[in-house]
Amino acid sequence: MKIEHLLKQNHTFKFIIFFVVAILALIFFSCCKKDDCSSPNCNKFNCWEHFIAHAGGAIDGINYTNCVEAMDLSYSKGCRLFELDLCLTTDGKIVAVHDPPGVTEEEFMNNLIHNKYSPMNMKTINEWFQKHPDAILVTDKLNDPQRIYDEFLFRDRVIMELFTWEAVDKAIELGIKPMVSENLIFGESLKAMEIGIPPSESKSASNIEKILKDKNIEYICMSRYSISGNKKLLKRLKNNGIKNYVFHLESAVNGQPAEEYVWDKEMAYCYGMYANNLDLLASLINK
């Protein structure tokens, strides 16, 4: 009887040890699995999806070039999401530039940016993305999904920031992933006003969450200055799987490069950032 009792105790003890080890392993792998980027301090993941190269990314310390060379540099640092500002020339052609150029497409393409960088039109953009099949285009400025559907060759590799619900619905209809601009969440934004879109009716947090859910929206974007007054909403949206990318990272924050500050202090409220400097991404990948 004593032997049987000891055997039962030993079996129970082994079961407890096995159960504890299994739980610890489950916790470890759920927190640090290769593709999990939930923790900014975990280096065991592929984190490119948290960084969008803002206007192609900075080159030689210059932002907003939207040029081929900036795209190449950002790609070399591990970036795979590339935002381009798409504006129309005077003859109605799409080119990559921060503000409407006020010239024809031919004139735009015949002039180097800052006298040294290569400009991009839709032909150049398509050629670049053809050469980089794992890259994704994120558009800004252009609020016309039909134009992108008609002219960008890689429709499964494009996300469009859009500024009206009509444009969002059109993108969904065309099978293009929309990124909802902050003016549709908070009622206004400088970016929307810059391209001539008037303030929208401000929605309550509960209505916004319902609209985003009903439309199966995966992406939103906003100024990082909008974080401070909306932390509870942004946490809920992130917990519900909505990926918020923040911009306005041009200036240092508390003496720290903005990209590093967002990564260290604000990732609880956003999924990623429009980064000018991709050195942080490169350093995270190389760790």
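Which element gives the most to the lining of the second largest pocket? That element is β2, with three residues. The model is predicted, so local features need pLDDT of at least 70 and side-chain atom pairs count only at pLDDT 80 or more, while totals for chains, interfaces and linings use all residues. Residues are numbered from 1 along each chain as its sequence is written, and side-chain values use heavy atoms, with hydrogens and water left out.

**Terms**
- On a 1 Å grid over the protein atoms alone, a cavity is a set of points where a 1.4 Å probe fits but cannot get out, a pocket is an open set with protein on both sides within 12 Å along at least five of seven lines, and lining residues have an atom within 4 Å of a point.
- Grid points are joined across faces, edges and corners, and a volume is the space filled by probe spheres set on the points.
- Helices (H or I, at least four residues) and strands (E, at least two) are DSSP runs, numbered from the N terminus.

**Largest pocket**
- The largest pocket, with a volume of about 190 Å³, is lined by 14 residues, and Y64, H98, K191, E194 and H248 lie nearest its centre.
- α8 (190–194) and β2 (81–88) each supply at least two lining residues, and α8 gives the most, with three.

**Second largest pocket**
- The second largest pocket has a volume of about 150 Å³, and its lining includes L86, C87, L88, H98 and E194.

**Largest cavity**
- One cavity of 30 Å³ or more is counted, and the largest cavity holds about 30 Å³ of space.
- Helix α10 (residues 231–239) gives the most to the lining of the largest cavity, with three residues, and the whole lining includes I220, L234 and Y271.
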